[in-house]
Amino acid sequence: MASQIQDRLTTDQDLLLMQEGMLMRKVKTKNWKKLRYFRLQNDGMMVRHARQAEGKAKPTFSISDVETIRNGHDSELLRSLAEEFPLEKGFTIVFHGRRPNLDLVANTVEEAQNWIRGLQLLVDLVTSMDQQERLDQWLRDWFQRGDKNQDGRMTFQEVQRLLHLMNVKMDQEYALSLFQAADVSHSKTLEGEEFVQFYKALTKRTEVEELFQNFSSDGQKLTLLEFVDFLREEQKERDCTSDLALEFIDLYEPSDSGKLRHVLSMDGFLRYLCSKDGDIFNPACLPIYQDMTQPLNHYFINSSHNTYLLGDQICGQSSVEGYIRVLKRGCRCVEMDVWDGPNGEPIVYHGYTLTTRILFKDVVAAVAQYAFQTSNYPVILSLENHCSWEQQLTMARYLTEILGDQLLSTTLDGLLPNRLPSPEQLQGKILVKGKKLRTLVEDSDDEEEEDPDLEMMKEQGSVLELESCCEIQPQELIPGNKDKDRKVVKRLLFSLPVCCQVMAQVPSSVSGSLLLPKQKSKIILCPALSSLVVYLKSVSFYSFLHSKNNYHFYEVSSFSEAKAKSLIKEAGNEFVQHNAWQLSRVYPSGLRTDSSNYNPQELWNAGCQMVAMNMQTAGHAMDIYDGLFRQNGGCGYVLKPEFLRDIQSSFHPERPINPHKAQILLVQVISGQQLPKVDDTKEKSIVDPLVKVQIFGIPADTAQQETNYVENNGFNPHWGKTLCFRVLVPELAILRFVVKDYDWKSRNDFIGQYTLPLTCMKQGYRHVHLLSRDGTSLHPASIFVYICIRKDMDDES
């Protein structure tokens with residue numbers, strides 16, 4: 001069970017100092033700053049903290065939860081305290097998922113550097129682990145937890161407690177027999193390798209052994225030809241050759257003699273099934289594999305709503321961190337609501353609410369730094385401009401100066417295009433989406449000849465109607481229910497300054513009683529800011545016919561979720577055709593004050609490209625979203641199916657017709673492995689897991705089925721249940737596996753999930769490696785399934 005981490009713990013000076021512990025200041029807010037004693041545990045994987053050196057320590061974080069470490073200069077919170085604490089003494093620990101950052105201030109610069117270097121070393125070592133090393137480390141973690149008196153050995157009583165911690169309820173006599181069989185030293189304790197053998201006995205995979213026996217002629221090994229047969233017949237590896245089988249044997253067979261003889265042992269077979277090559281997600285879909293040379297409107301684009309918010313829409317915190325997080329997870333369209341701020345500095349926040357404010361220039365600086373760390377494809381800045389003329393000039397200056405060459409401020413090559421450029425052409429570029437005074441043709445003509453009227457417009461600007469700032473649309477108010485309407489408006493706006501545009505559209509029966517004004521707000525658009533909008537001019541939507549007759553391919557309309565869903569029902573095919581030539585952005589209802597999300601699939605079905613989400617909020621909607629964008633290198637752009645790219649498409653998202661051939665999807669849910677507890681604090685609670693399989697797609701394809709539950713076993717439950725689905729439009733289908741803890745008294749508790757596009761799914765015997773509610777790995781938790789797709793014979797007849 002030795003590892004690089006264990007070796008470095010005894011030799012690296014930074015790690016030795018971290019194990020001794022250090023008093024540092026934990027900083028949560030400008031006003032919450034408290035001394036705590038932080039110490040790296042002897043396993044090198046857990047950091048704990050206490051009020052003082054000898055105090056009772058509590059777990060703070062696991063190294064496997066850490067994404068990166070930033071110095072104080074890169075911390076939004078620590079920068080705000082620079083006069084109180086030198087930035088060189090501070091650092092920030094950034095976690096995977098949606099967990100808040102941890103800001104710490106050491107007593108000296110050197111102590112801060114000890115922790116920064118030591119933590120980064122550990123994170124790098126964990127990140128570089130292969131499958132077997134990760135399992136070894138996982139076992140070491142469990143051994144540490146089970147070894148209550150930390151003497152390096154485990155008694156049977158400690159093993160019994162460990163079994164409960166590991167989600168296993170086992171007959172005591174059977175557990176004792178496994179313990180005694182592993183105790184080869186007869187010391188009545190388990191050490192090192194003995195504990196590994198105990199674990200192997202505990203995790204014996206009878207369902208995998210049976211599968212192995214079915215293809216092995218002698219029950220001891222798979223020959224090269226037998227393994228090729230398995231890959232072709234069961235795994236549906238269509239291009240399988242001896243070379244592929246040899247490659248897998250070389251990767252996963254643990255014994256050198258097996259590799260030399262070109263055979264796969266049972267251990268090697270299991271390693272293959274648990275590897276990335278045995279994963280349900282097709283490895284061919286992981287890198288960028290799609291055509292990236294088509295116009296932007298031919299792609300689904302990973303998009304964020306109110307990106308600055310870390311919490312709710314009314315009182316939540318606005319933070320630059322919101323932009324950093326979504327950009328690092330592959331988001332390519334971020335939103336900025338910009339308002340006049342003090343001292344001539346534009347600010348970003350959710351207008352007419354109590355959300356906190358951040359500086360526009362800080363947001364632009366964060367975008368400049370993080371835009372292309374995950375993906376080199378273009379980033380779109382969706383500007384909601386509410387600023388005065390003077391502060392719009394400041395916005396234009398910051399965008400130009402801070403973004404520099406990253407900012408796209410003219411058409412590519414200075415030429416007048418006839419379609420939107422492609423992600424490939426726009427690599428490394430940041431595009432501004434917003435209101436624009438003129439068309440691209442007028443911009444082009446202006447380069448050759450100045451117009452006196454145009455000069456006046458440049459000097460004076462133009463008056464434009466301000467788009468809805470709190471994003472409540474009239475159709476979201478319920479007709480005929482005046483009391484309900486009044487409650488909605490009061491809840492959002494009564495105690496806050498008034499959003500004039502929204503209230504102008506509220507029925508008089510409601511607004512009259514609230515004494516609210518009805519006039520629309522106006523804004524004078526500054527030409528300097530207008531000129532930075534090139535390919536993404538925001539325009540109001542009136543009808544599909546109006547857009548076709550009056551708008552250009554580079555103009556973008558935004559839709560509330562209610563409006564978009566209504567259009568899909570009323571004119572689904574027209575919406576599809578509209579999205580085949582023009583970009584659409586859809587945003588969540590203003591009534592989602594808790595930052596909840598809609599189902600993005602409904603909008604993708606109509607070809608809507610920028611389906612914006614509240615990415616700070618976990619849940620099944622974000623699972624679907626992450627599932628779609630998990631493919632194509634996680635670059636934030638996914639090519640739409642061909643029938644959504646055709647301006648003469650006959651596809652209707654509510655009523656699909658041929659040539660879309662139906663498929664039958666069979667999912668056999670076989671078993672589960674090392675499922676986590678719902679509540680780690682309850683040692684003796686053991687989950688009763690069940691698996692729900694869901695398909696999200698067109699309405700006719702959307703369905704779910706589930707297995708029975710297995711009582712008191714989260715360690716190696718067995719279901720053996722086959723579920724059957726009929727899928728009409730597989731190109732749009734998303735498959736979600738969710739594992740839950742059955743509870744007859746209340747709603748079943750969430751354990752883990754995994755979501756992927758049906759087009760990226762591999763057939764055969766596959767492991768589904770589960771993710772947490774936040775989308776982070778729950779390694780080694782998984783479920784073992786068999787997947788089969790066949791044509792629907794009824795459809796052909």
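In the predicted model, strand β15 (residues 379-385) and strand β16 (residues 430-434) pair in the parallel sense over 4 bridges, and within this pairing Ser 382 stands opposite Lys 433 in β16. Strand β15 is also paired with strand β12 (residues 333-339), again in the parallel sense, over 6 bridges; here Val 338 is the residue that stands opposite Asn 385 in β15. In a regular strand the side chains alternate between the two faces of the sheet. For β15 both faces are covered, with Val 379, Leu 381, Leu 383 and Asn 385 buried on one side and Ile 380, Ser 382 and Glu 384 buried on the other. The strand is accordingly described as mostly covered, 7 of its 7 residues being buried.

A pair of aromatic rings is described by the distance of the centres and the angle of the planes. For Tyr 299 and Tyr 637 the ring centres are 6.1 Å apart and the planes stand at 85 degrees, so this pair is edge-to-face. Because Tyr 299 belongs to strand β10 (residues 299-301) and Tyr 637 to strand β23 (residues 637-639), the pair ties together parts that are 338 residues apart in sequence. Tyr 299 and Tyr 637 are both buried. The rings of Phe 544 and Phe 575, by contrast, have centres 5.2 Å apart and planes at 45 degrees, and the pair is therefore tilted. This pair likewise links distant parts of the chain, with Phe 544 in helix α23 (residues 544-550) and Phe 575 in helix α24 (residues 561-579), 31 residues apart. Phe 544 has a relative accessible area of 9% and is thus buried, while Phe 575, at 0%, is buried as well. Elsewhere, ring pairs link Phe 212, Phe 215, Phe 230, Phe 269, Tyr 765, Phe 784 and Tyr 786 into a cluster.

Rings also take part in contacts with charged groups. The charged end of Arg 357 sits over the ring of Tyr 349, at 3.7 Å from its centre, and the charged end of Lys 28 sits over the ring of Trp 32, at 4.6 Å from its centre.

At least two lining residues are supplied by each of β1 (22-27), α3 (76-79), β6 (90-95), β7 (102-105), α14 (320-328) and β14 (358-359). When the lining of the second largest pocket is divided by class, it comprises 9 nonpolar, 11 polar and 14 charged residues.

Several local backbone features were also identified. The peptide bond from His 779 to Pro 780 is cis, with omega near 5 degrees, and Pro 780 has its place in strand β31 (residues 777-791). Positive phi values in residues other than glycine were found for Lys 188, where phi is near 60 degrees, and for Tyr 352, where phi is near 60 degrees. Lys 188 is found in the loop between α7 (172-182) and α8 (192-202), and Lys 188 counts as exposed because its relative accessibility, 67%, is above the 50% limit. Tyr 352 lies in the loop between β13 (347-348) and β14.

His 652 is found in the loop between β23 and β24 (663-673), and with a relative accessible area of 8% His 652 is buried despite its loop position. His 652 and Glu 574 are 8.3 Å apart in space, C-alpha to C-alpha, and 78 residues apart in sequence.

How values were computed: Residues numbered from 1 in each chain as written. Predicted model: local features only at pLDDT ≥ 70, side-chain atom pairs only at ≥ 80, totals over all residues. Heavy atoms only, no water. Phe/Tyr/Trp six-rings, centres within 6.5 Å; stacked < 30°, edge-to-face > 60°. Buried < 20%, exposed > 50% of the residue type's maximum accessible area, 1.4 Å probe, protein only. Lys NZ or Arg CZ within 6 Å of the ring centre and 35° of its normal. Nonpolar A, V, L, I, M, F, W, Y, C, P; charged D, E, K, R; others polar. Pairing = 2+ DSSP bridges.
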